[in-house]
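Dear colleague,

I am handing over the structure we spoke about, and I would be glad if you could look it over with the notes below beside you.

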Amino acid sequence: MPITLLWAVDVYGRVYSLSTAGQRWVRADDMLLELKRVTAGKGRCWGIGCDHYVYLNILPSETSIRYREETYENQRWNPVDGFTDVLLPTDRWPWSDVTGMNPQPLHSFQLPSRSWEWEGDWYVDQTCGGEPSQTGGWEYAVDFPANFSPDKKWNSCVRRRRWIRYRRYTAQGTWAKIPLDNLRKTPLPLCDISCGGWEMSDQSGRYPYLWGVSQQGQVWFREGIHPRVPEGTSWEEVEVPKEVAQLSAGPGDLLWALLWDGNLLVRTGLTLDSPTGTSWVEVESPGKEVEALHVAVGAGVVWVVTKDYKVWFRRGVNSHNPCGSGWISIGGEMMMVDVGLNDQVWAVGEDRGLYFRIGVAPSEPSGNGWIPVSAQWGSNKEVLPQRDGGEFSGQVTEASQGSVLSCTDSDSELGPTEPQRSATSTPVLEAEAPSIVPLGGSNTTAPSQEIKDSPSAPQHDAPKAFIPTSDSFINSLVSDRDRAPTPQASITEIPQEEDEELTPAPILPTPQATGHDVPWMNVDLEGAEAARSAEAARHVMAGGGEAATYALGSLESSQGIGEEEGPVWAWISGGGCDVDATSQISWLSPTGPLTSSLSLTPVQSAAWSEQPQQQEHREISKKPLERSNSVWVRKGTLRWWRDWKPHRWLDVAVALEQSTRSDGRKDSIFFVYYTQYDEKKYLHVFINEVTVLMPVLRDCHYAFAVYTAERTKQRWPLVLAAQSEKDMNDWLNLLSECCCECRGIPSAPSRPALWSTTSKGDIMVHEPSFSLESPAHTMACDLMFWRQVPGHLRCVESNSLGLVWGIGWDGTAWVYTGHSEQQPNPGDSTQMHQQTDVRSIHVYENQRWNPMTGYTDKGLPTDRPMWSDESGLKECTKGNTHPPSPQWSWISEWAVDFNIPGGTDQEGWQYAADFPTTFHGHKTMKDFVRRRRWTRRCKITIRSPWKQVPPICLSDISLMPCLAQSRMEQVPVWALSDKGDVLCRLGVSPQNPAGSSWLHVGTDQPFKSISIGGANQVWAIAKDGAVFYRGSVSPQNPAGECWYHIPSPPRQTLRQLSVGRTSVFAVDENSNLWYRQGLTPSYPQGSAWELISNNVTKVSVGPLDQVWIIADGVPGFPAETPGAICHRVGVGPMQPKGQSWDYGIGGGWEHISVRGNSAEAPRAPHPPPAGPSRSPVPQRPSTQVNGNAVCV
């Protein structure tokens, strides 16, 4: 790592540097140099002097800085004198630049400043176009605008040659004053400068830009800065909508400015082609009632200090989004911060000490704590410790009484001194009081009795808080200078009850600017030094008692009388200090890091550590400790499907930013940065608004979709793709974890969770709330958050006791083992098992008959593709058909499928009169089209919390729904085998979710759907569409006795049904939803079917008789993939059929189960009727609301 420097300025304008390879602060060689603040970049440091000039310090290097000055001598040929400098009136100047537009005689070249010197005299360039020339450097042409060449021709009427002179920069390693360019356009006096821009995001720059702020609030930009011209050439004013007090430029294309009203401005459009940007955007201060005091910008971070010394971090800042997205409060109380290289953060604390933010990394830009910069100081080898309030109040306050001037530099405004009070004052009280007071503003100190009894503790003025403004230390000194000489209340007079409440430190106004901060002032540093020397002399004359008392505040760090004390810091700049979180720097060793978990300032921490233990415990207990906020960032690159024209994949940068609040809550934002027409843009998604994260199949990419409530309504997900399956899974897991953390969702699904599967076999889970089924305020379906559970299944069924069963595409039965109570040792991680699944992929070959050639693949223009899916709307060939996801792999080749509903002939063909009609397995005279299905098997193998239940393959399964408080020794589970046999699983319980064995239930025909509801009501549908009810099913007789035939709806064939607590719903082959009327405990078969709705493919009825379906499509979105989750709204005891549908997430959902959600919304208590009940029906006891005939 190269050796770099950290720059700092003390309150007297003295400039210091600290090397990363050294251990000691080094003061600038120029002892007369007095700077107000500095800003460092790579290899250089700028500063503002107390004389309002700008200074530059270029660090020494092996390569000297040389600049070549050049001018051209132009001549024209005439018949009398030949080539001469007498030119035509329309010609260029005899001495000019290369364009000929500007005159440049040799004597017009001057050195830009005293920092330059000429290396030699002017000489002629003897080369022409880089090649040596024998013509004395002359180049010839027909006329001046023409091209020049070293060859002289008969028509060469003009010629030119280049003169060169070099100048060298001689001020490397020293502070050089930048001269004024033009008095009319000079931005002086400047109150702030900032350099940056040497690492533009779109291209790596080689030199920094310099920005400045004048005392009138104007913003200026230094033009012409170049590696060969480090000083720049001129200042250019940049228009601002309001007056600016301070600004900060990052190494990239970020620029923030602080306004006098406490708000902030952000400059947008900063590029290499437009270094001054295009427009300003205003951003509010972090605190609603407290204005911003200082802003610091890095490559991708923004830090702000408010006037209550609180530190804030701006989240979401990026070159695509320079304004960011929100503020995060960070622990620690600082007066100013600076962001250096690698976004490392440096600060000047409220105690005027220097601090470094540890733990700052690309993944955690906010860091995790503050540590002091503990470098050596002076001629000895003692480490400069963290400053306390005693040092600053003792020396700066006294010295400032005779050193600070007003804006007019009038010495007559200095108040008379008080030698009597100065001679008898004891600095120890002045030192200890600020250690406690500035944070809360209360005058809490040691017990009054102890101070009164102390002989070395006379009455003294109470200290007051410093005033950090945009001009660093100036106003802090002014606050003492403008005090009235009237003595204030001493520390011994402070009432004890004022300790009860800590209020923010007061910001004291000066008489010249009452009510607002003074942005700049002049300081007589000579007077400050003189006052400081006089103060030291008075302490020597006061005797050994007072000297010992003075050293009491900082006994360990005090030096001998006459030695120079450690600096009181006012400014720091780490823009040129190359450190990171892994750097091993001797003066950054965290000997005692001030972790950000403390809300106490470093001053308070030091003060309380020196006080008695009892007082320390009493003081700390009055202000509770608070946890610090932090920011964590994960960045990467993905591909984004742009869903507006032109539709295509774009390479984008993504970032997931998570902030942890002081109360432990987490908030995350997901950013997508892209470029459109050379304009940087971004998309952002708040993680707490994400509703679904699910893999999707897009152009053989490892893609996944991000849904929010708004994107669900618009059917417009954010689709992203990764380079590999591992990257996709990493991002899905990371985003899912953040979503669960933001919502407080546990890692394992709960018992009342809603389960669903997609057409790809992905398993999704939703954690319900009481409002999901609340009749008054039902939760909108598009606000539901679905998360993926490891595994791969075709359908899933559950109940309120935590039992979850699933069936794979190959018919294998699986039981979920991921609940925490199902682990062998509670608290252990979820047991993972190997899960496999096999499914078949189908494509259809279509042909049309014509009288010449018979059946061929030449169809009509209006026909479907000759190779398509089952619907015929999408072209699917054997070559372009792939497995459902990259996790699947082929295990067979394409083959004709003869097992198709409707039958086939010997070659696998099905025939029909036309494509939209029903196909059959034999050819007739009216059949003009035919098709046959090709199939190919694929397999997936994953690790998941699903345990296989051998050995029978299943086609449908159902668990009896019940309330969460129900207690059952065995849970009834009914299923259908892949051959249509009815099965009953024995021994199923929460402790043994897989059960023990299957019990075969006899039937006279194969079944295709089965469901068990409350009170052991078993309903089933045969493969021919007939409906049956199983009678006499009970815990003592789990298989029942006989089947009762239930008439189907007229002219309809049912295919799936679901039974709840008191209701039965079914779906027919035409996607119509039917409700069974007339169900009573005495007549559980019901009386008739009632049509409810169409557009339904699957239905699930829960233990509260809630109705959820998989809709075939969403109205208004015909292009969406079939399969959308939909909730029946208005279902209740008096309205079991519901009122309307609420559409939620859609596009490729296959199955849903709500049979585990028995969480009822709490009902408001109804006042009892005033008189006796007038109902003729006798009232039932409250314990029989859910009777035995309804639910077990």
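Predicted model: local features only at pLDDT ≥ 70, side-chain atom pairs only at ≥ 80, totals over all residues.

Residues are numbered from 1 along each chain as its sequence is written, and side-chain values use heavy atoms, with hydrogens and water left out.

Helices (H or I, at least four residues) and strands (E, at least two) are DSSP runs numbered from the N terminus, and two strands are said to pair if DSSP finds at least two bridges between them. Strand E53, which spans residues 929-944, is mostly covered, with twelve of its 16 residues buried; here buried means under 20% relative accessible area, exposed means over 50%, and partly exposed lies in between (1.4 Å probe, protein chains only). E53 pairs in the antiparallel sense with strand E47 (residues 833-850) over 16 bridges, and within E53 it is Arg-937 that stands opposite Ser-840. Strand E52 (residues 909-912) is also antiparallel to E53, over four bridges, with Ala-912 opposite Val-929 of E53. Three bridges join E53 to strand E51 (residues 895-897), again in the antiparallel sense, and Arg-933 of E53 faces Asp-897. Strand E50 (residues 889-890) contributes two bridges to an antiparallel pairing with E53, where Ser-889 stands opposite Lys-939.

**Nonpolar cores**

A nonpolar core is taken as a set of buried Ala, Val, Leu, Ile, Met, Phe, Trp, Tyr and Cys residues joined through side-chain atoms within 4.5 Å. The largest such core has 37 residues, and those with the most contacts inside it are Trp-805, Leu-954, Trp-974, Val-982, Phe-1007 and Trp-1043. Among the elements that give two or more residues to this core are strands E45 (804-807), E55 (954-959), E56 (973-977) and E59 (1007-1013), and the largest share, four residues, comes from E56. A second, separate core of 35 residues includes Leu-35, Leu-354, Ile-572 and Cys-577.

**Salt bridges**

Which pairs of charged side chains meet in this model, and how far apart are the closest N and O atoms in a pair such as Glu-657 and Arg-315? With a salt bridge defined as a side-chain nitrogen of Lys or Arg within 4 Å of a carboxyl oxygen of Asp or Glu, a search of the whole structure finds 35 of them. In the bridge between Glu-657 and Arg-315 the closest N and O atoms are 3.0 Å apart; Glu-657 lies in strand E35 (residues 648-660) and Arg-315 in strand E27 (residues 310-315), so the pair ties together parts that are 342 residues apart in sequence. Glu-657 is buried, its relative accessible area being 7%, and Arg-315 is buried as well, at 3%.

Asp-261 and Lys-242 form another salt bridge, with their closest N and O atoms 3.6 Å apart. This pair links two loops, since Asp-261 sits between strands E22 (255-259) and E23 (264-268) and Lys-242 between strands E20 (234-238) and E21 (244-249), 19 residues apart. Asp-261 is partly exposed, with a relative accessible area of 35%, and Lys-242 is partly exposed at 36%. There is also a network of salt bridges that links Arg-66, Glu-117, Glu-119 and Arg-168.

**Cavities**

A cavity is, on a 1 Å grid over the protein atoms alone, a set of points where a 1.4 Å probe fits but cannot get out, and its lining residues have an atom within 4 Å of a point. Of the 27 residues that line the largest cavity, Thr-39, Ser-194, Ser-248, Ala-249 and Asp-338 are the closest to its centre.

**A residue in helix H12**

Met-728 is found in helix H12 (residues 725-743) and counts as buried, at 7% relative accessibility. The C-alpha atoms of Met-728 and Leu-638 are separated by 9.2 Å, although the two residues are 90 apart along the chain.

With best regards

How values were computed
1 Å grid on protein atoms, 1.4 Å probe; cavity = no way out; pocket = protein on both sides within 12 Å on 5 of 7 lines; lining within 4 Å.
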